Amino acid sequence: MKPTGWILAGALASACGAAYGDGYGVKSGNPQIPGVPYEVHDGTRPQPPIITTGGAVSVKAPSDAKVLFDGTSLDAWTNGGGPAKWVIKDGALVASPPGDLSTKESFGAVQLHFEWRLPAGRKVDGQSGGNSGVFLMGLYEIQVLQSHNNKTYPDGQATGLYGQLPPLVNATSPQGEWQSYDIAFEPPVYEGEKVVKPAKVTVLHNGVFTQHGELFLGPTQHKKLATYPAQHPLTGPIKLQWHGDPMEYRNMWIRPLGERDKGPAEPQK
Ligand code: MG
């Protein structure tokens, strides 16, 4: 009887794996994250509560924003220094081969708005099928993942600080619907080779705070514990991740966050 039991247990485990996506419900075996009893990509970390939102909050670019994508042009972007190869389809920027898309311009502290969706009908399973991401300074990933009705390790869910911190809630819309991210980001501050203020981020997903003044452990890593390097750039590009899935983006704009009491850089009318 015992062997039958083991075979059944194995069959059930593999069935659960197929149903719930990679990593859900199991320890990862990756390094422990400081301050919490969880590992990097820990499938036993509590799943964020699922909430329903009003969907995308579409905010028009204010006058001081730089428009990164308005539905018509890839002028702001490059694939590895060459021409931008991602596809524009019906006013949306579609994640495409050959790889990640980066802004030509570099930024430090910013406010970033965009909307995204995964087209309906695509099979999604954990980190597969509906994965992209936005990297601040090209280094710090806020996860873009079709997390509605899709369990995976919590630090890999939508608006997670990938590999570091899950969202406060799962505010992901159903597949096929547009949803919005509003991000405020500050780079780390160094004194010499020492970090005196870690990189900081706040994220609204469909108008809901899912990250509120959270600190990065360091630039994003996969399966490794993030730490700060001794040397760090002051600015970097916004990078959109190509993860093999046709994620769509629209209405993307960015505002460098100015400094208080400095006044406008140029005379205003
Ligand atoms: Mg990603």
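## Overall make-up

Helices (H or I, at least four residues) and strands (E, at least two) are DSSP runs, numbered from the N terminus. By that rule, the protein comes to one helix and 15 strands. This is a predicted model, in which local features need pLDDT of at least 70 and side-chain atom pairs count only at pLDDT 80 or more, while totals for chains, interfaces and linings use all residues. Residues are numbered from 1 along each chain as its sequence is written.

The C-alpha trace spans about 85 × 45 × 35 Å along its principal axes. The radius of gyration, taken over C-alpha atoms, is compared with a globule rule of 2.2 Å times the number of residues to the power 0.38; a compact globule of 269 residues would be near 18 Å, and the 20 Å of the protein agrees with this.

## Confidence

With pLDDT being the predictor's confidence in each residue, from 0 to 100, the protein has a mean of 92, and 91% of its residues reach 70 or more. Over residues 1-20, however, the pLDDT is below 50, and this stretch has two contacts in the model beyond near neighbours in sequence; contact here requires C-beta atoms, placed from the backbone, to lie within 7 Å. Where pLDDT is low, the predicted coordinates should not be read in detail.

A residue is buried if 20 or more other C-beta atoms, placed from the backbone, lie within 10 Å of its own, exposed if 12 or fewer, and partly exposed in between; 42% of the 269 residues count as buried. A nonpolar core is a set of buried Ala, Val, Leu, Ile, Met, Phe, Trp, Tyr and Cys residues joined through C-beta atoms within 7 Å.

In the largest such core, which has 46 residues, Val 201 and Tyr 249 touch the most other members. Among the elements that give two or more residues to this core are strand S1 (66-69), strand S12 (200-205) and strand S15 (248-256). Leaving aside neighbours within four places in sequence, Tyr 249 is in contact with Phe 69, Ala 92, Leu 93, Phe 114, Trp 116 and Leu 240.

Val 201, in strand S12, counts as buried because it has 21 C-beta neighbours inside 10 Å. Not counting residues up to four places away in sequence, Val 201 touches several residues, including Ile 142, Leu 161, Ile 183 and Phe 216.

Strand S12 pairs with strand S13 (residues 208-215) in the antiparallel sense over five bridges, where pairing means that DSSP finds at least two bridges between the strands. Val 201 stands opposite Glu 214 in S13. In this hairpin, which has two residues between the strands, Asn 206 takes a positive phi near 55 degrees.
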